[in-house]
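Hi everyone, thanks for coming. Let's have a look at this one together.

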Amino acid sequence: MHVILSPDRTTIVLSGEVDADLGPDLAQASTDAEQAGLPIEVDAHHVTFMDSSGVAFLARLAMRTPHRVRLLHVPPTVQFLLEVTRIGELLDVVEDDHQA
């Protein structure tokens, strides 16, 4: 996981397994992004697994930031969770046909 602060947005890059083991890192990423006060993008391109910890992380970002969170490069695993939990309704899921 990486948090990248730029002048106009905060990008959080997730990769691998997003689960309870990342709980402290997810909490810190949320805090850093919230404190920046900029629009947030979450790049999920390299996520191979996500459990409720990842869903809770996305929900927290969506509920606690003034801008709608953009979720980029959503793999099928994450898309399924967004649909089942309906968290996807709180986010702007960006469709991208150029996923590598």
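Setting aside neighbours within four places in sequence, T11 is in contact (heavy atoms within 4.5 Å) with H2, V3, I4 and E41. T11 sits in strand β2, residues 10-18; strands here are DSSP E runs of at least two residues and helices are H or I runs of at least four, both numbered from the N terminus. With a relative accessible area of 16%, T11 is buried, where buried means under 20%, exposed over 50%, and partly exposed in between, using a 1.4 Å probe and protein chains only.

A word on provenance: this is a predicted model, with local features needing pLDDT of at least 70 and side-chain atom pairs pLDDT 80 or more, while totals for chains, interfaces and linings use all residues. Residues are numbered from 1 along each chain as its sequence is written, and side-chain values use heavy atoms, leaving out hydrogens and water.

Now the sheet. It is open and mixed, with 5 strands in the order β1-β2-β3-β4-β5; strands pair if DSSP finds at least two bridges between them. β1 and β5 (92-94) are the edge strands, each with a single partner, so one side of each has no neighbour in the sheet. From one strand to the next, the twist averages 20°, with angles running from 0 to 180 degrees between N-to-C directions of axes fitted to C-alpha atoms, for helices over the stretch in contact.

β4 (residues 70-72) pairs with β5 in the parallel sense over 3 bridges, and L71 has V93 of β5 as its bridge partner.

And the helices? α1 (residues 23-36) lies across β1, β2 and β3 (40-50), at about 170° to β2. α2 (residues 52-64) lies across β2, β3 and β4, at about 170° to β3.
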